[in-house]
Amino acid sequence: MRQGCPLSALIYVLCAEVLGIEIRKNEQIVGYKYNRNKNEHKLTQYADDKVVCLTTENSIRELFHSLNRYELATNSRINKDKTIGVWIGAFRNNDKDFAGIQWKDEPVESLGVFVGNDRNLCSVTGFDVVKDKIKVKMSYWNCKTMSLKGRVIVLNIFVLSKLWYILESQEISSHILNELNDMIKNFVWKDIHQTQFNSLHDKYEDGGLSLQDISLKQQALRVK
């Protein structure tokens with residue numbers, strides 16, 4: 001099959017679903033049970049990405065056994081050198097090293113979000129990284145000549161959008177929120193504050209500039 005063929009993605013998904021079925025039907029792989037143990041969450045899949053939720057050590061061994069069988073059948077390979085396991089919950093003090101991967105008990109980054117036992121540390125670490133990226137973006141756009149309305153549009157589209165992904169799963173601390181709001185104020189007004197900051201969040205017809213409100217966005221994501 002040629003590279004870029006539109007059928008390749010569909011064929012890949014069909015093959016990947018075989019592995020998904022194996023994991024879901026394998027009773028030796030125990031996921032997270034909820035609703036008085038009537039329901040069980042094991043696996044989420046999207047395109048070529050799989051996230052498996054396991055709650056026993058034997059489940060991890062059984063998962064890798066299934067993965068090895070899948071590798072033999074499809075010639076796909078897991079890069080164990082880039083794979084990191086995290087001991088969490090009741091396993092957090094576990095010092096075992098198995099399945100040929102590296103195991104840690106401190107936060108690690110997964111798809112741009114830090115995960116681990118200390119939720120506050122994960123949150124602070126993750127938002128510090130995003131804050132640095134926002135500073136770089138603001139520095140770039142500060143060199144441009146823009147109107148007040150234009151600066152708010154840049155913030156909404158190119159700057160604050162970097163927050164929403166991590167904000168879906170983690171709470172932003174009050175001091176980081178204050179730091180970000182101070183950065184936003186200085187970017188909009190260039191150190192000459194012309195009105196109340198909260199009024200910028202109002203709609204145009206109410207005298208505002210429809211600036212995205214980070215706190216309100218977080219509340220909306222929690223409702224979602």
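**Salt bridges, pair by pair**

Reply: Glu-171 has a relative accessible area of 41% and is partly exposed. The model it belongs to is a predicted one. The partner to look for is Arg-222: the side chains of these two residues form a salt bridge, with 2.6 Å from N to O. Glu-171 sits in the loop between α5 (161-167) and α6 (174-189), whereas Arg-222 belongs to helix α7 (residues 214-223), so this pair ties together parts that are 51 residues apart in sequence. There is also a network, in which salt bridges with shared partners join Asp-128, Lys-131 and Glu-179. Returning to Arg-222, its relative accessible area is 34%, and that residue is partly exposed. Both values, 41% for Glu-171 and 34% for Arg-222, fall in the class between the limits of 20% and 50%.

Side chains of opposite charge can pair when their charged atoms come close.

Asp-128 and Lys-131 meet through their side chains in a salt bridge of 3.6 Å, N to O. Helix α3 (residues 119-142) contains both of them, and they are three residues apart, about one turn of the helix. Their surroundings can be read from accessibility. Asp-128 has a relative accessible area of 27% and is partly exposed. Lys-131 is at 9%, and because buried means under 20%, Lys-131 counts as buried.

Arg-24 shows a relative accessible area of 38%, which places it among the partly exposed residues. Glu-17, with 31% relative accessibility, is partly exposed as well.

How many salt bridges does the structure hold in total? The count is seven. To find them in the view, start at the loop between α5 and α6 for Glu-171, then go to helix α3 for Asp-128 and Lys-131.

Methods. Residues are numbered from 1 along each chain as its sequence is written. This is a predicted model: local features need pLDDT of at least 70, side-chain atom pairs count only at pLDDT 80 or more; totals for chains, interfaces and linings use all residues. Side-chain values use heavy atoms; hydrogens and water are left out. A salt bridge is a side-chain nitrogen of Lys or Arg within 4 Å of a carboxyl oxygen of Asp or Glu. Buried means under 20% relative accessible area, exposed over 50%, partly exposed in between (1.4 Å probe, protein chains only). Helices (H or I, at least four residues) and strands (E, at least two) are DSSP runs, numbered from the N terminus.
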